[in-house]
Amino acid sequence: MTNDKLEDNWLEIGKIVAPQGLSGELRVYPVSDFPERFEVPGKRWLLCSGDTEPQPIELLTGRYISNKNLYVIKLAGVENCDQAEALRSCKLMVPASDRPQLGEDEYHVLDLIGLEVFMQVSGELVGTVVDIIPAGNDLLEVKLHPSFTTDKGQITNDKKQKTVLIPFVEAIAPVVDLPSGRIEITPPPGLLEINN
């Protein structure tokens, strides 16, 4: 079975990072914006290294630890720290068909990665979204385009392309055009200045 098939059929919603306590609870780092994935009891699937297919597992409870951006979950059959430890770095999955229907202004995080970011006013290419950092408001991590860094007279000897974080809120990123693969931003002054 090839991985392409796996990715077509399954969505990763989180990664188990460590056991929590001694009763088999697990810490999960979420890659899904939907809390119900971790809080609503029911069937989920686990993909551990070496598996070709995710295995069904029952989610019993889950709660969000906001200051750590983690969920602590309890899975059926995982009763102690050793069993929990065995699941470290397994991925939590759901079938791709289980993608929640999005409201008009909601986006799947994965859909945003790779979009090009333009200044709304000048049409200038700023860079490309390389990551989304979940926070109170999600932050887009944008890798600046070389022309953008040069124009600003801020080119450094450091060859590494700089990235900036842009709050993903309507006031700053009013246009998200998935079909054309672009986001238009109206950043406040100073937001894109690169801190060396």
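1. Overall make-up. The model is predicted. Its protein chain contains twelve strands and five helices. The chain has 196 residues, and 37% of them count as buried. Among contacts with a separation of 6 or more, 52% are between residues 24 or more positions apart.

2. Surface. Val17, Tyr29 and Val31 together make a nonpolar surface patch of about 220 Å². Of these, Val17 belongs to strand E1, which covers residues 10–20.

3. Strands E7 and E8. Strand E7 (residues 116–119) and strand E8 (residues 125–133) run antiparallel and are joined by three bridges. Within this pairing, Phe118 stands opposite Leu125 of E8. The two strands form a hairpin with five residues between them. Gly123, in the turn of that hairpin, has a positive phi of about 75°.

4. Strands E8 and E9. E8 is also paired with strand E9 (residues 139–144); six bridges join them, and they run antiparallel. Ile133 has Leu139 in E9 as its bridge partner. E8 and E9 likewise form a hairpin, with five residues between them.

5. Glu141. This residue sits in strand E9. Its side chain makes a polar contact of 3.2 Å with the side chain of Thr163. Leaving out residues up to four places away in sequence, Glu141 touches Thr128, Val129, Val130, Asp131 and Ile133, and also Thr163, Val164 and Leu165.

6. Salt bridge between Lys91 and Glu12. The structure has four salt bridges. In one of them, the side chains of Lys91 and Glu12 meet at 3.8 Å, N to O. Lys91 is in strand E6 (residues 91–95) and Glu12 is in strand E1, so this pair ties together parts that lie 79 residues apart in sequence. Lys91 is partly exposed, with 33% relative accessibility. Glu12 is also partly exposed, at 31%.

7. Two further salt bridges. The side chains of Arg88 and Glu85 form a salt bridge at 2.7 Å, N to O. Arg88 has a relative accessibility of 38% and counts as partly exposed; Glu85, at 36%, is partly exposed as well. Another salt bridge joins the side chains of Glu184 and Arg182 at 3.3 Å, N to O.

8. Ile73. This residue is part of strand E5. Its relative accessible area is 0%, so Ile73 counts as buried. What does Ile73 touch, apart from residues up to four places away in sequence? Its contacts are Glu25, Leu26, Val28, Phe38, Leu59, Thr61, Gly62 and Leu92. One of these, Thr61, is twelve residues from Ile73 along the chain, and the two C-alpha atoms are separated by 5.7 Å.

9. Asn69. The loop between strand E4 (55–65) and strand E5 (70–75) contains Asn69. The Asn69 side chain makes a polar contact of 2.9 Å with the side chain of Tyr64. Apart from residues up to four places away in sequence, Asn69 touches Tyr29, Pro30, Tyr64 and Pro134. Tyr29 is also one of the residues that make the nonpolar surface patch of point 2.

Notes:
Residues are numbered from 1 along each chain as its sequence is written. This is a predicted model: local features need pLDDT of at least 70, side-chain atom pairs count only at pLDDT 80 or more; totals for chains, interfaces and linings use all residues. Side-chain values use heavy atoms; hydrogens and water are left out. Helices (H or I, at least four residues) and strands (E, at least two) are DSSP runs, numbered from the N terminus. Buried means under 20% relative accessible area, exposed over 50%, partly exposed in between (1.4 Å probe, protein chains only). Contact means heavy atoms within 4.5 Å. Patches are made of residues with over 30% relative accessible area and no salt bridge: like charges are joined within 9 Å, nonpolar side chains (Val, Leu, Ile, Met, Phe, Trp, Tyr) within 5 Å. Accessible areas come from the Shrake-Rupley method with a 1.4 Å probe; for residues, only the protein chains shown count as cover. A polar contact is a pair of N or O atoms within 3.5 Å; within protein, one must be able to donate a hydrogen and the other to accept it, and residues adjacent in sequence count only if both atoms are side-chain atoms. Two strands pair if DSSP finds at least two bridges between them.
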